[in-house]
Amino acid sequence: MIVNQRPAHSLTQQRNVGDIMRQVLYALLPGTAVLLWYFGWGVITNLVLAILFAELLEWGMLKLRQRPVRPFLSDYSAVVTAWLLAVAMPAFSPWWLIAVAMLFAIVLAKHLYGGLGYNPFNPAMIGYAAMLVSYPVQMTIWPAPLDFSMSHISLVQTLQQVFLGGTNGWDAFTAATVLDHVKVSLGMGQTLGELHAQTGFGWLAGKGLEWVSLGWLLGGLWLLYRRIITWQIPVGLLGGLLLIAGVFWLINPQAYASPLFHAFSGAAMLGAFFIATDPVSASTTPKGKLLYAAGIGIFTYIIRTWGGYPDGVAFSVIIMNMAVPLIDYYTQPRVYGTPRN
């Protein structure tokens with residue numbers, strides 16, 4: 001009898017790390033383009049410096065660990081880490097801030113644990129959180145979006161700010177993020193109705209940044225279409241965030257921002273599709289992914305609302321990274337044919 005042997009459908013699409021990372025970079029383009037539109041040259045300098053430092057550190061650590069350099073440098077994993085960190089950091093960040101952030105991400109969070117595939121924590125978020133704790137002033141100086149005052153900041157002024165640490169009148173170009181503005185203003189007794197009457201709010205969240213979030217959402221849908229990520233983590237993270245935000249918003253809509261505001265503010269979309277979906281540090285089981293991501297969404301809301309920082313995606317991802325072994329242990333799918341208990 002002749003049997004037509006073919007591999008299972010799931011095995012017909014062979015993908016290596018480089019292919020996956022390239023798709024992630026393609027997916028990052030829409031959000032990055034919008035970010036570039038609103039914040040100008042500072043986004044470019046962040047990206048160039050982050051990728052340069054990441055590749056140098058990756059090369060140095062591979063040499064120290066006596067590992068082959070070319071295969072790992074060409075798999076784009078360090079570039080993806082650098083890109084995620086660059087777009088999460090304030091535009092016009094000083095060069096040394098990006099260098100230290102990449103040191104934490106590539107050396108401490110990645111290679112000291114054994115390199116790609118062995119890191120228990122998301123390297124980009126380790127770098128971001130370390131900078132936020134160590135340099136809170138520099139990490140919270142965000143320029144105002146283009147609509148307000150950024151149209152006349154040139155490339156020369158950008159380079160002066162990045163490498164020399166000062167542009168005359170720089171304070172006039174900065175503004176609090178909408179998450180920070182809402183948090184501080186609510187703490188001072190203002191209501192959301194009063195805040196929405198002020199400038200700086202768009203039709204979903206902060207003016208400008210809501211379009212950036214839509215760019216991340218578009219890229220995330222591309223990753224789902226290409227089956228680079230699965231639906232559980234984006235749905236779990238946004239679902240957990242929307243659910244807890246919806247409960248408190250229904251209780252008091254003047255004291256708690258709406259679920260849509262939280263979904264399209266800060267790093268929620270970036271975290272849901274690009275950060276929490278890191279296949280190394282995230283949960284691996286279907287139920288585990290939902291629990292892991294929902295925890296990130298809930299912790300993000302708690303930190304945003306009652307914590308010490310305006311956004312909480314980075315800390316939430318790190319917290320849930322720590323819980324992944326336990327989640328995976330209790331959510332292993334039943335092997336076919338074995339008893340349910």
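## Exercises on loops, burial and helix packing

Gln-66 lies in the loop between helix 2 and helix 3 (69-73); helices here are DSSP runs of H or I with at least four residues, strands are runs of E with at least two, and both are numbered from the N terminus. The model is predicted, so local features need pLDDT of at least 70 and side-chain atom pairs pLDDT 80 or more, whereas totals for chains, interfaces and linings use all residues. Residues are numbered from 1 along each chain as its sequence is written, and side-chain values use heavy atoms, without hydrogens or water.

**Exercise 1.** Describe the backbone and exposure of Gln-66 and Arg-227.

*Solution.* Step 1: most residues other than glycine have a negative phi. Step 2: Gln-66 is not a glycine, yet its phi is positive, at about 55 degrees. Arg-227, also a residue other than glycine, has a positive phi near 60 degrees. Step 3: Arg-227 sits in the loop between helix 11 (209-225) and helix 12 (232-251). Step 4: the relative accessible area is 72% for Gln-66, which is exposed, and 57% for Arg-227, which is exposed as well. The classes are buried under 20%, exposed over 50% and partly exposed in between, with a 1.4 Å probe and protein chains only.

**Exercise 2.** Find what Met-61 contacts beyond its sequence neighbours.

*Solution.* Step 1: Met-61 belongs to helix 2 (residues 41-64) and is buried, at 12% relative accessible area. Step 2: with neighbours within four places in sequence left aside, Met-61 is in contact (heavy atoms within 4.5 Å) with Val-107, His-111 and Leu-112. Step 3: from Met-61 to Ile-106 the C-alpha distance is 8.6 Å, across 45 residues of sequence.

**Exercise 3.** Characterise the packing of helix 1 with helix 4.

*Solution.* Step 1: two packed helices are described by the angle between their axes and the distance between the axes. Step 2: for helix 1 (residues 17-39) and helix 4 (residues 77-88) the angle is about 20 degrees and the axes are 10 Å apart. Axes are fitted to C-alpha atoms over the stretch in contact, and angles run from 0 to 180 degrees between N-to-C directions. Step 3: helix 1 and helix 4 are therefore roughly parallel (under 35 degrees; over 145 is roughly antiparallel, 65 to 115 roughly perpendicular, the rest oblique). Step 4: their crossing is left-handed, meaning that the near helix is turned anticlockwise from the far one by less than a right angle, clockwise being right-handed. Step 5: residues that meet include Leu-25 and Leu-28 of helix 1 and Val-80 and Trp-83 of helix 4. Step 6: the contact of helix 1 with helix 4 has eleven nonpolar, two polar and no charged residues.

Conventions:
Nonpolar A, V, L, I, M, F, W, Y, C, P; charged D, E, K, R; others polar.
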